[in-house]
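Good morning, and thank you for joining this meeting. I shall present one structure and go through a few of its parts in turn.

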Amino acid sequence: MKLSVSMITFQGASYLKAQMDSILGQSIPVHEIIVCDDGSTDGTREILASYAAENPQIQLHFNEKNLGTVANMQQCLRRTTGDLIFLADQDDVWLPSKVEKTLAFFQENPEADAVFSNADIIDEVAETQFGMTLWDIIGFPYGQVDLADFETRVDNVVTGAGLTFKRNQELLEKDIPQIPGLLHDGWIGLYFAAKNTLKANPEKLFQYRSHANQQVGGKIKERQALLDFNLALYDGVPVMKDFASWKAAMKRLYTNLDLPYMDKAKIQDQIDLYAEYGKTYFQLRASLFLFVKAIR
């Protein structure tokens, strides 16, 4: 089985070496690493070139013009040739057994065509943040409701950084719809969820880096963005209109733990409150979907 990695980069020089080393240091090596850079000017391309010079499995493509996250990942995926495709972010760190354990998961779940895993959260200096996991941030209620129902009817819970899927030519040939808020991971998750072949692996197989300059995910445009975010409480319950608002709030809280005008204890109190709210939210949604399924 040929193993491919698809990774897009943009202004990722700060953390790129750690990620490249972690991918190259896997207990089971991958056969090709396809990297598509979207016009970096911060030294990212030079770093990639130095790695490619010593590792022939790395194939680089430098875009002549900026395509944006979704289009860049789409063309990167189409350049892969592997039977199994691992998505990778430029600023994360893979644990040494990520590939090995992912292969084992597919062997144990032969009906799966795609799987996404959990991860530890780390900050700019690779320190874990309050023992959090990626699924804690997105509030993924693993095991509470069928994943196909959750993915297609509630919201995307698939993070591309932890996603691996079996090569599917139909998917690769499709263009990702230009829908606001829908990224490549959401599109792939929906595709496989609709076929009921999407699986979730609760193992933490990588470290997801949360920082202020992320291209997607936990990105915030300004470190002072929390000032503009409404933390108002009503009867002790966070004011949230929907899941997307809740998820954005969690990410901003986690990313802004070092804000000078809010002490960490206070922010942690807010995090705990929002997390509890998130669990209740998902329990209610899961119960609703199970009820609807039962009466169909």
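Predicted model: local features only at pLDDT ≥ 70, side-chain atom pairs only at ≥ 80, totals over all residues.

A residue is called buried when its relative accessible area is under 20%. By that cut-off C76 is buried, because its relative accessible area is 0%.

How many disulfides does the structure hold? The structure holds 0 disulfides. C36 takes part in no disulfide, and the nearest cysteine sulfur, which belongs to C76, is 3.5 Å away. A disulfide requires two cysteine sulfur atoms within 2.5 Å, so the sulfur of C76, at 3.5 Å from that of C36, is too far for a bond. C36 is itself buried, with a relative accessible area of 0%.

Which residues of α1 are buried? They are Y15, L16, Q19, M20, S22 and I23. These residues cover an arc of only 160° around the axis, so they are on the same side of α1. In general, an α-helix has 3.6 residues a turn, so residues three or four places apart point the same way.

Finally, consider L84, which is found in strand β4, residues 84–88. L84 is buried, with a relative accessible area of 2%. Leaving aside residues up to four places away in sequence, L84 touches several others, among them M1, S4, L103, F106 and F165. L84 and S4 are 80 residues apart along the chain, yet their C-alpha atoms are separated by 6.1 Å.

Notes
Residues numbered from 1 in each chain as written. Heavy atoms only, no water. Helix = DSSP H or I, 4+ residues; strand = E, 2+ residues; numbered from the N terminus. Buried < 20%, exposed > 50% of the residue type's maximum accessible area, 1.4 Å probe, protein only. Contact = heavy atoms within 4.5 Å. Arc of directions from axis to C-beta.
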